[in-house]
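Let's take a friendly walk through this structure, with an eye on charged side chains and their partners. Have the view open as you read.

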Amino acid sequence: MAVPMILGRNIHSFARIVLGASQSGSIGLNTCRNRGIYTTLRPFRLTLSACLHTGTVVSSQPSSTVTVTEEPDTLYQKVSVLVKGHDKAVLDSYEFFATLTAKELGVTLGKVFEPPKNIERLTLLKSVHIFNKHRVQYEMRTHYRCIELCHVTGSTAQVYLEYIQRNLPEGVAMEVTKTAMERIPEHILKPMWKDLPTDPPTEEKPNQ
Amino acid sequence: MNTLARVGTSICTNPETRALHVTASCCKNRAARIRVGKGDRPLTYEQALHPHHIGHRKGWLSQHTSNLMGENGAADRTVEDVFVRRFIFGTFHNCLANEIVIKRRGNMLVVCALMLQRLPPQKFYFLIGYTETLLSHFYKCPVKMEVQTLGDKAVYKYL
């Protein structure tokens, strides 16, 4: 009788201590990862692997970020994402990443193509003074990649684009072109002459 | 052209004459190239490859979008880069193993450096924090440093 009570108290306190250690330890590990320095871990962090995990002790309610508004969502016929970069390999991997996210999020992909590259060449004098026959040539290559999404809502486009843009690699620029669809305004729907009252053609005598 | 060809052949065929080969010294490219020497000078991969290999065998040391077609601000970014390189070269005196890599992600400036283990880690931490705060106050943007340490410089070639 007495033994299980003591055991219960010990386990509860042990769980609290272990949870505290895991929280501080995980925060410490995060900062260590951000530094990127290869230092040896201090000994107390190595004992994390042997601890209990009591998930029900700390429970936080996730804050709902879904907003409900009255106005209807904008509809986009096409959202075209053009990425520019100096390195083709980087653009290849970014295209793979973007198409994978589109597939996972259920966004319909249109064309994924590669517009031709643009090379800007400069021919400058090699020397500071005279020697006009000796020049040096530089070039700047810009590779492009275009990913088109078809028939997306405004909120889907916003979420997708925000995720894509947060993970844009350095040295890569993006241009987004959205083609929105709008309802035809009502005064254009029907031709005007249909609403006019049908008058019989009146003969007008020329006034002379 | 015919006369020149006749002259050339006469010099080549006649074994007693020697031709003089002349090139104006500015014909040769000297940019970012370390000339061949005795074989005792160690070079890193970055120093050993010439600038026409950038994009093919070399990467870029400073990555930003202002050199792309239709983008602005190239001169400002270049000046910032030069300042950051000189600043870090001076702060971590004799500790850099290789050129630093500067990346710009959105607003952030990320400086990636390879250091030699010449100082105790506490001094490294202090200098990293000092550069981060000073540069972020100077450029009004978050500056982060990603540092890796090596024992010795990574030698690719001896020239």
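Which residues does A:His143 touch, not counting residues up to four places away in sequence? A:His143 touches A:Val83, A:Lys84, A:Gly85, A:His86, A:Asp87, A:Lys88, A:Leu91 and A:Lys117, where a contact means heavy atoms within 4.5 Å. You will find A:His143 in strand 4 (residues 135–153) of chain A; helices (H or I, at least four residues) and strands (E, at least two) are DSSP runs, numbered from the N terminus. A:His143 is buried, with a relative accessible area of 10%. Here buried means under 20% relative accessible area, exposed over 50%, and partly exposed in between, using a 1.4 Å probe and protein chains only.

Before going on, a word on the ground rules: this is a predicted model, in which local features need pLDDT of at least 70 and side-chain atom pairs count only at pLDDT 80 or more, while totals for chains, interfaces and linings use all residues. Residues are numbered from 1 along each chain as its sequence is written, chains are lettered from A and ligands numbered from 1 in the order in which they are written, and side-chain values use heavy atoms, leaving out hydrogens and water.

Now to the charges. Side chains of opposite charge can pair when their charged atoms come close.

One of the contacts of A:His143, A:Lys84, forms a salt bridge with B:Glu71 at 3.0 Å, N to O. A:Lys84 lies in strand 1 (residues 75–85) of chain A, and B:Glu71 in the loop between strand 2 (62–63) and helix 3 (74–91) of chain B, so this pair joins two chains. A:Lys84 is buried at 3% relative accessibility, whereas B:Glu71 is partly exposed at 27%.

Other pairs stay within a helix. In helix 4 (residues 154–166) of chain A, A:Glu162 and A:Arg166 sit 4 residues apart, about one turn, and their side chains meet in a salt bridge of 3.1 Å, N to O. A:Glu162 is partly exposed at 39%, and A:Arg166 is exposed at 66%.

In chain B, B:Arg77 and B:Glu80 pair at 3.6 Å, N to O. They are 3 residues apart in helix 3, so about one helical turn separates them. B:Arg77 is partly exposed at 24%, while B:Glu80 is buried at 18%.

Salt bridges can also share partners: those linking A:Lys88, A:Asp92, A:Glu95, A:Glu114 and A:Arg145 form one network.

How values were computed. Salt bridge = Lys/Arg side-chain N within 4 Å of Asp/Glu carboxyl O.
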